[in-house]
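Hi there,

I am passing this structure on to you, and below it you will find my notes. Please keep the structure open while you read them.

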Amino acid sequence: MPLVSSSQLLTGLRAAAEATRLRLIVLLAAHELNVKDLTQILGQSQPRVSRHLKLLAEAGLIERFHEGSWVFFRLKTSGPEAGFARALLDMLNPADPVITRDLARAETIRGERFETAQSYFREHAAEWDRLRSLHVAEDEVEAAMREALGPGPFDLLVDLGAGTGRVLELFAPHAKRGLGIDVNKDMLAYARARLDKPGLSHTQVRLGDIFNLALEDGAADAITLHQVLHFLDDPAKAIAEAARVLRPGGRLLIADFAPHDLEFLRENHAHRRLGFDRAQVTEWLAAQGLAVERYRELKPDAPEKLTVALWLARKPIDANINSAA
């Protein structure tokens, strides 16, 4: 556990030394929840729950993040305060009847949320299945992505345009932390439900703009862009923002379509670009000081299907992340 100062310890003790706030710490260590969820679990009013959350956030024991008009909370994942909160959890008896009841209620809410997300996905299942059938099998693409990016371990892996959360799930064993960014709240709901299971608690998804990420320069040592660029008006700008967030020595993996002529994808599925030429993406990467280390094409077994292309680029070790150039 990281060492804390006396003032941090006292602040943490004061914040945690109340029955409801201790219950909140336990719940938010297990799940990402909003105020509505927590009022249902605890059987308390919204103002009361919000006040307790405010005190825990001020003490640095939990973190909050906005997703449209909703605010989600979870236990702090880094820093001395996070270590203090984890130490408290280690001392608690998991068989405590209050804790087991709260967690059972949270699991019920998690199940309801998952069913809602599943309903959304089922409504769009035919569309997803049709699009997947247009190119090589997903497991072949995923195997190629794993081989290209390597085993890590990565301190922070960021998936831009996280969609269903599958890429985070794929690379979760190789990352200490995984963060997915997407602009679609319905897809985020599905991804959050998908990732809310054992072995994936170190992964998160957030509402965000991939052209303007709420991440510091050099924060990530691996970034993925899986079937995202063809939806964008300005793919080069997304690559530039990824390069900013990438640490020196970090790797950026892009998986997208090679050039094709399936116009219905533009007309019916919001594809802005009909694939990308190898040289074009390489040029965008080079403009940001990223060197392409590997390029690979996964060709389909039928001429009418699409080729998936992979670019693996690396930021030079000596790159100055503070440069304004």
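Helices (H or I, at least four residues) and strands (E, at least two) are DSSP runs, numbered from the N terminus. The model is predicted, so local features need pLDDT of at least 70 and side-chain atom pairs count only at pLDDT 80 or more, while totals for chains, interfaces and linings use all residues. Residues are numbered from 1 along each chain as its sequence is written, and side-chain values use heavy atoms, leaving out hydrogens and water.

Let's begin with Arg74, which sits in strand E3 (residues 70–75). Is Arg74 buried or exposed? Its relative accessibility is 10%, so Arg74 counts as buried (buried means under 20% relative accessible area, exposed over 50%, partly exposed in between, with a 1.4 Å probe and protein chains only). The side chain of Arg74 reaches the backbone oxygen of Ser201 at 3.0 Å. Leaving aside neighbours within four places in sequence, Arg74 is in contact (heavy atoms within 4.5 Å) with several residues, among them Leu28, His31, Glu32 and Phe65.

Next, a pair of helices. Two packed helices are described by the angle between their axes and the distance between the axes. Helix H2 (residues 19–30) packs against helix H5 (residues 80–91) at an angle of about 100°, with the axes 10 Å apart. That makes H2 roughly perpendicular to H5 (65 to 115 degrees; under 35 is roughly parallel, over 145 roughly antiparallel and the rest oblique). The axes are lines fitted to C-alpha atoms, for helices over the stretch in contact, and angles run from 0 to 180 degrees between N-to-C directions. Where they meet, H2 brings Ile25, Val26 and Ala29, and H5 brings Arg86, Leu88 and Leu89.

Finally, look at helix H13 (residues 278–287), where Val281, Trp284 and Leu285 are buried. Why are these residues on the same side of H13? They cover an arc of only 100° around the axis, which puts them there; the arc is that of the directions from the helix axis to the C-beta atoms. The buried residues pack against H11, strand E8 (246–257), strand E9 (291–298) and strand E10 (308–314). On the face turned away from the buried side, H13 carries the exposed residues Glu283 and Ala287. At the start of H13, a side-chain oxygen of Asp277 comes to within 2.8 Å of the backbone nitrogen of Ala279. Just after H13, Gly289 takes a positive phi of about 80°.

Happy exploring!

Methods
Polar contact = N/O pair within 3.5 Å; in protein donor to acceptor, adjacent residues only side chain to side chain.
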